[in-house]
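Let's walk through this structure together, from the parts of a chain to the way chains meet.

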There are 6 protein chains.
Amino acid sequence: MSNDVSKKTAETAALYFKGVSGEKPYELWKSFDRNLARDLSLFITGQIYSRQVLPHPTRQLVAVATLTVLEKTEELDLHLRAALNVGCKPRELAETIFQTAIYGGVPAMNQGLKTLRKVLEENDLWPIADED
Amino acid sequence: MSNDVSKKTAETAALYFKGVSGEKPYELWKSFDRNLARDLSLFITGQIYSRQVLPHPTRQLVAVATLTVLEKTEELDLHLRAALNVGCKPRELAETIFQTAIYGGVPAMNQGLKTLRKVLEENDLWPIADED
Amino acid sequence: MSNDVSKKTAETAALYFKGVSGEKPYELWKSFDRNLARDLSLFITGQIYSRQVLPHPTRQLVAVATLTVLEKTEELDLHLRAALNVGCKPRELAETIFQTAIYGGVPAMNQGLKTLRKVLEENDLWPIADED
Amino acid sequence: MSNDVSKKTAETAALYFKGVSGEKPYELWKSFDRNLARDLSLFITGQIYSRQVLPHPTRQLVAVATLTVLEKTEELDLHLRAALNVGCKPRELAETIFQTAIYGGVPAMNQGLKTLRKVLEENDLWPIADED
Amino acid sequence: MSNDVSKKTAETAALYFKGVSGEKPYELWKSFDRNLARDLSLFITGQIYSRQVLPHPTRQLVAVATLTVLEKTEELDLHLRAALNVGCKPRELAETIFQTAIYGGVPAMNQGLKTLRKVLEENDLWPIADED
Amino acid sequence: MSNDVSKKTAETAALYFKGVSGEKPYELWKSFDRNLARDLSLFITGQIYSRQVLPHPTRQLVAVATLTVLEKTEELDLHLRAALNVGCKPRELAETIFQTAIYGGVPAMNQGLKTLRKVLEENDLWPIADED
C-alpha cells in the first residue's frame, strides 16, 4: 500500500504542478527535514488530494476559496495554477473568489482577485475571454 | 431589472432554505433595519447566489469550505442544509471539510465535521450510507 | 504618577462596567495571579482606555467593530454594555456592526447583531426606537 | 431610487478617494466583470458608506480599526487616505490603531502603525504635529 | 516501518489522553471514514507528536499557545489535559496563555484562561497552589 | 518598583535584540507617542517577558508558534532572532513551526519555515547542522 501511496503522490504532484516554476512546498520541507517532508507529502498529496470523492477541479475550487479567505497569497498562487492544470475555467476561479467576500470580507477577495489576475496574465489567459 | 433581482432573490432563498427552521439572516437584519435588510438580501442572494457561473452545488461546497476554516458554526449549519437542498451528497460535504484541514488546520476541521454530523442526523442521513 | 494611573483605572472601570453583572476580566486575571492582574488592569484601563485623544463613545465603537470581526462574543457583550454606559446610541452600535461586514464578512456581522440584540433586550432598549 | 443610489455612490467615492492614486477596488472588480463590479460598488459605497447614521470620520475609524486587526494592509492604506479626506486627525488615527492592540495583538498594531506612518509621510503630515 | 508508526501512535495517544473522557478526534474522524481516520491519526500522532526533537511538555505548551490565539476552545481543553498528563505545571500553562495576549490579543487570552480554570477545577488543581 | 521594571525592561530588551538590526517595536511606537511607547515597553518587556515562570527559550518557542499561526512575518523574524539569542536550537525552532501545521494549517507553516530559513542564513546557521 505504501508503494501505492507513493505512486499516487507522484502522479498527483505531476498533474498539479505541471509547468509551475519556483520552489514547491515539498522542496521547502525537504530543505529542513527529508523524512518529515516525505511524510507530509505522502499524507497531503497521496492521501488527501488523490482521493476520488471530489473531482480535482472541485478540490481546487475548495482550495482557492479557503486560501482566499485565509489570505495565504503564495499558496493561493500555487493552487490557482494547479486549478488551471486540472481544467478549472478562469471565470469559475473568479466567481469562486467573488463569492468568498460574503464570508471573509471584501479586502480578502480583493487580494484573491489580484493574485488570480497575475496568474492569468502569466498564462496568457488575461483578460478573460467570453468563452472562458 | 430591480423586479428581476427581487424574483431571483425569492427563488434562490426558497431553494436554499426549504425546510430550514430557525431565524434566517434576512429576518435578523430586518429586526434592526428593514431597508438595509432588503439591500443586503437583494445583493447577497439576488446578485451573488443566483448567478449562473457556478452551479448551486459547487457554490455550496465553496461556502462550506470557507465557513469551516473561518469557524462560523451557525452559518456553516445553515449552508450545510442549503447544500443538501441543492443536491450535494453527504460524502462530498465530509470530503470538503476534511480537505480544509490542510489550509485551516485540524481543529477547525473537527468543528466542521461535528456540525455536519449534527445536520445529517437531523436529516436522517447519518451514518452516511455507502451510496451517499 | 502610579497613584494617578490607579485612580484613572478605577474611574474608567467604574464608568464602563456600571451595572454590568458577571465576572469582569480583572477578576478572571486575579484568580490566577494577583500581581499580573494588577499590571494588566493598570495598563489596559489606566494607560489606554483613560487617554483623552479619543472620546469614550468613539473608543467603544472601535472596540465593538474589532470584536465583531474577530468574533470575540463574550468581550463584545461586555463592550456593548460599556458603550451604552458612555452614551453610544443603539442605532450607532448596529450601524457599526453592519459596516464591519465589508471587512470581516457577513457571518461575523450576524453574530455581532445577535449579541447586540441580546444586550439591548436586557437593557429594555429593544426594539430600537426611532429616536435611538 | 436606483438613480439616487448611483448618485450617492459617485459622491461618496469622490469624497473618499480624492487625490488617491493607484487602482481603486471598483477598477479591480471591473477588470473581471463589469456588472458585478457595478453591483458591488452600488452596494458598498452607495448603500453602506453613504448612510447617515454614522458620520464619515467615525465610519473611517471603524474601517481603520477592523482593517488593522485583520491586517489587510492595502485596504488599510486606502482607508487611511479616505480618513484624512473626511477630516480625521492623524493623532486620532494613531490612537485608534494603538487601541486595537488590546483586541488583535501587538504585531497587527505594529503593521497598522507602519502603514499609517507611510500614508502620513506621503501627505506631508509626518511627524505628527502637536496640534494634529 | 508502518508497524513502528502504529506502535508510536498508540503509545503517544495513550500518554496524552489518559483519563480524558469524551469523544477523541480519532473517534470523530472514524465516524465519517475509517481509512482516512487512520491516515490522519498515524500522521498527526505517530509522525508528528511522537518525534523526539521537542520533549512532550514543550510540545504541549506550543499546542496550548497556538490553540489559545486561534481560539479553538474544545481542542484547547483537550491539549490542556494532555499537558497535565505529560507533566506541565498549572502555573506554566497559565503563563503560556498570559503571554499570548501580546500576539493574539486579550479576548483570546481570556477564553484561554477560562478554559484552563475549568480543566484545573476538574482535576482538583484549582486554585493553583504556590508550588504548582 | 518602577525602577525595577525599567531595569528589567532594559536587560530583557538587550538580551533579546542583541545584534538585531532594523527598527525595534519600541522605536516604532516612540515615533508616534513617547509616553505610550514607554508604557507599552515597560508592560510587554518589563512585566511579561522578564517574568521567571517560563525560561526565556520556552517563551520564545511560544512566541514563534503563535506568530507562525497568526502569520505575523515581521514579528516572527524578530522573535526567531531573539530565540537564537536566548539559546534555542535551529532544529527546535523548525520543529515548533512544523508542529503548528496541525493547528493553523500548512500554508502558515510554510511561511514560518521560509522566515526561519532566512534568519538562519543571515546567522550562518543554514543548512541546519546535524548537531543543531
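Into which domains is chain A divided? Chain A has domain 1 (1–53) and domain 2 (56–132), with bounds that come from an automatic or database domain assignment. Before going further, please keep in mind that this is a predicted model, where local features need pLDDT of at least 70, side-chain atom pairs count only at pLDDT 80 or more, and totals for chains, interfaces and linings use all residues. Residues are numbered from 1 along each chain as its sequence is written, while chains are lettered from A and ligands numbered from 1 in the order in which they are written.

The C-alpha centres of domain 1 and domain 2 of chain A are 22 Å apart. Six residues from domain 1 of chain A and six residues from domain 2 of chain A form their contact, which requires C-beta atoms, placed from the backbone, to lie within 7 Å. On the domain 1 side, five of these residues are nonpolar, none polar and one charged. Here Ala, Val, Leu, Ile, Met, Phe, Trp, Tyr, Cys and Pro count as nonpolar, Asp, Glu, Lys and Arg as charged, and the others, Gly among them, as polar.

Finally, 11 residues of chain F are in contact with 10 residues of chain D. By class, the chain F side has seven nonpolar, one polar and three charged residues.

Technical notes
Two residues are in contact if their C-beta atoms, placed from the backbone, lie within 7 Å.
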